[in-house]
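Dear colleague,

I am passing on a structure for you to look through, and below it I have written down what was found. Please keep the structure open beside these notes as you read.

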2 protein chains.
Amino acid sequence: MNAHEPSLHETMAAIGRRARAAARILAFASTEAKDRALSSAADAIEAEASSILSANAEDVAQAKENGISPAFLDRLTVTDVRLRAIAQGLREIAALPDPVGAVTAEWTRPNGLVISRVRTPLGVIGVIFESRPNVTADAGALTLKSGNAVILRGGSEATRTSHAIHACLLQGLEAAGLPLDAIQMIPTTDRAAVGEMLAGLDGNIDVIVPRGGKTLVARVQDEARVPVFAHLEGLCHTYIEPSVDVRLAVDVTVNAKMRRPGVCGATETLLVHKDAVATHLRPVIDALIVKGCEIRGDEAVRSYYPAAKAATEEDWHTEYEAAILSVKIVEDIGAAIDHITHYGSHHTEAILSEDPASVDRFFTEIDSAILLHNASTQFADGGEFGFGGEIGIATGKFHARGPVGLEQLCSFKYIVRGSGQTRP
Amino acid sequence: MNAHEPSLHETMAAIGRRARAAARILAFASTEAKDRALSSAADAIEAEASSILSANAEDVAQAKENGISPAFLDRLTVTDVRLRAIAQGLREIAALPDPVGAVTAEWTRPNGLVISRVRTPLGVIGVIFESRPNVTADAGALTLKSGNAVILRGGSEATRTSHAIHACLLQGLEAAGLPLDAIQMIPTTDRAAVGEMLAGLDGNIDVIVPRGGKTLVARVQDEARVPVFAHLEGLCHTYIEPSVDVRLAVDVTVNAKMRRPGVCGATETLLVHKDAVATHLRPVIDALIVKGCEIRGDEAVRSYYPAAKAATEEDWHTEYEAAILSVKIVEDIGAAIDHITHYGSHHTEAILSEDPASVDRFFTEIDSAILLHNASTQFADGGEFGFGGEIGIATGKFHARGPVGLEQLCSFKYIVRGSGQTRP
């Protein structure tokens with residue numbers, strides 16, 4: 001006799017209900033229990049290394065059969081070194097301060113009421129990711145430490161690896177006596193499961209974090225009925241003024257573009273003040289070309305580099321995620337700010353200058369999540385900010401902006417201590 | 001020859017574009033200019049008092065013709081005293097510290113980068129309100145001081161009054177040399193204009209604040225395509241333990257219910273620990289009955305007050321907004337927390353107790369925006385929190401929670417100061 005086969009909708013709804021129940025317990029789980037779960041999970045990952053690596057080998061073999069790209073293959077592949085880094089990452093998150101319960105403000109009213117603002121978990125986080133199986137561990141650890149339950153939905157190509165890592169996280173939860181439903185992984189690769197998550201599982205997902213390419217992020221931002229922490233584009237700018245040291249401009253700009261051209265904090269457009277053309281333009285562009293960067297310039301740039309492609313209107317709008325840079329000469333800082341406001345994605349911008357008035361104006365008038373002075377845009381990263389890890393970078397204006405670490409995975413409540421006060 | 005008559009959609013889209021342009025300027029307007037605009041607006045309200053009052057008299061006369069309720073009429077009516085309070089409110093907001101540009105955190109990384117988190121305006125706020133014309137001034141002032149542009153959409157019954165007050169705000173902006181589009185009022189009473197606002201005016205509204213009854217808030221929460229700061233219900237609880245002084249329990253509970261039974265922070269359900277029944281229940285309930293409160297009790301309560309109506313399942317779910325209180329005897333603090341978690345609206349709850357373990361558990365395990373110890377739930381108010389005013393109270397977990405004042409109308413960005421750092 002066949003039992004009733006639950007529909008995908010029923011399966012997903014049940015996952016949501018279990019996550020909510022786990023979140024209620026996790027919200028006031030002790031720091032000690034959460035940290036024990038994380039370090040036990042790290043131990044488990046090291047103990048199970050060979051089985052995780054062989055699961056990954058199967059995923060990789062299948063992916064090769066399906067003819068995926070080398071970049072995708074690189075993201076999918078787990079090596080022994082990478083696996084040890086994953087375990088180390090869990091231990092580092094265990095070592096971070098617990099954000100839950102932290103008092104972020106406290107004041108006393110004239111009537112004697114003492115008001116505190118205290119950090120609380122957000123609840124249930126839905127993480128939708130693509131090929132990187134390490135997201136299982138990173139996202140699971142950050143959400144656990146911040147007292148949230150998580151529902152993970154990984155790409156089908158990484159299924160075996162993700163489940164093997166997930167099993168280690170469950171061992172950690174079990175060792176700490178925490179509910180196993182705190183870190184759930186969607187058991188099906190049915191793409192409709194993503195739609196169910198975006199609809200919010202009957203109010204049982206509080207926020208969605210997409211980890212992947214533009215297609216995924218755009219779908220999530222379009223369809224999600226719950227808040228989303230994400231950025232669609234990292235169209236970052238570096239702007240050079242004549243007052244800055246040429247050597248600094250060369251080093252920082254080359255790093256901002258070429259350290260890893262594919263990350264979201266990579267500079268995509270270089271703006272150069274017209275008075276810096278004679279002094280700074282050539283050394284900076286030469287250094288970029290030597291490193292293998294393709295230059296697309298406006299007319300003024302091409303008068304120095306006739307071999308450079310002409311930048312089109314589309315170039316100023318493009319996040320290349322590759323060793324290509326669009327370069328424009330601007331009249332003054334006002335023109336630089338206007339360009340960034342018009343074409344930017346509110347992610348990260350840098351000014352290289354020794355003029356305090358320009359730096360102030362850049363910091364005041366540009367509305368991006370991260371603004372840097374005399375430093376590389378590639379510092380746009382939760383680890384580099386000292387957050388001890390990030391679940392992503394957000395460009396929205398609400399709640400989380402910039403790197404999303406433990407504190408940004410929390411909400412807050414007000415605690416008011418009285419002695420019989422009534423309101424007049 | 002007739003010119004092209006713009007459609008409602010075109011009119012609203014143009015309002016959105018003008019608001020966005022004004023927001024860009026307002027984002028870095030000086031504190032001095034914003035404060036001058038507010039105090040000039042206060043002067044204008046006093047100077048134009050007679051014309052505002054006669055506009056209000058017309059609104060009131062028309063509303064009476066349409067046979068509106070006395071409560072509605074009270075909210076609609078502006079008296080000389082209320083008008084002076086409105087002007088005073090503008091001056092008080094001018095006197096508050098400017099939230100924009102405030103550094104809320106700053107730290108130095110091992111590589112020498114100095115990272116600051118700085119408050120920034122959210123952008124454009126849409127405020128949709130019903131009968132209270134003073135919202136025009138309150139919302140206009142709070143959004144201006146926090147560097148945001150605002151689009152106001154008031155109820156049709158208050159049109160003449162709202163526009164008269166709005167004209168004074170424009171005088172203030174003009175006196176300070178700030179863009180008049182910083183505070184716009186929708187010129188039409190066409191209800192479709194609300195739909196246009198909820199759709200976000202092509203990305204030109206960043207957040208919607210509904211100020212009004214449940215029907216309005218529910219519509220906004222259902223239909224809005226942009227974030228909403230609101231609470232649908234204030235189903236607040238007060239819980240009494242035996243350890244608390246009887247006099248304190250009586251005073252605080254009567255205040256929590258009866259000070260103003262219609263406000264969102266009014267207690268709707270009273271929970272009494274079973275060991276407090278013999279000592280606390282009768283004095284508290286007697287005092288409430290004397291004040292004219294109707295009691296709806298569970299069986300245990302009705303064994304003491306046989307005349308009390310039996311509370312139904314629906315009662316525990318009901319925000320009466322009236323002099324009615326549902327009362328339940330609970331086994332222990334765990335049962336009180338379970339009841340609040342199941343039936344509450346995450347708004348405001350109070351525990352009256354001298355047992356620190358109970359208070360801790362109440363504060364830790366309940367996830368409401370505001371939790372109080374030995375004080376009245378009617379303290380749920382931005383003014384009482386020392387925020388100098390509020391645009392509403394939010395029960396969501398994101399960004400703004402509890403009273404929404406100047407700081408909550410702001411976002412933030414990270415400013416990173418370097419000296420040539422590149423990322424390894």
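The copies meet through the same surface, because 100% of the interface residues of chain B are also interface residues in chain A. A note on conventions: residues are numbered from 1 along each chain as its sequence is written, while chains are lettered from A and ligands numbered from 1 in the order in which they are written. This is a predicted model, in which local features need pLDDT of at least 70 and side-chain atom pairs count only at pLDDT 80 or more, whereas totals for chains, interfaces and linings use all residues.

As for the contact itself, 52 residues of chain B touch 52 residues of chain A, where contact means that the C-beta atoms of two residues, placed from the backbone, lie within 7 Å. On the side of chain B that touches chain A, strand 16 of chain B provides the largest share, with eleven residues.

Strand 16 of chain B also runs parallel to strand 13 (residues 370–375) of chain A, and five bridges join the two; strands pair if DSSP finds at least two bridges between them, and strands here are DSSP runs (E, at least two residues) numbered from the N terminus. Within strand 16 of chain B, Q421(B) stands opposite A375(A).

With best wishes

Conventions
Helix = DSSP H or I, 4+ residues; strand = E, 2+ residues; numbered from the N terminus.
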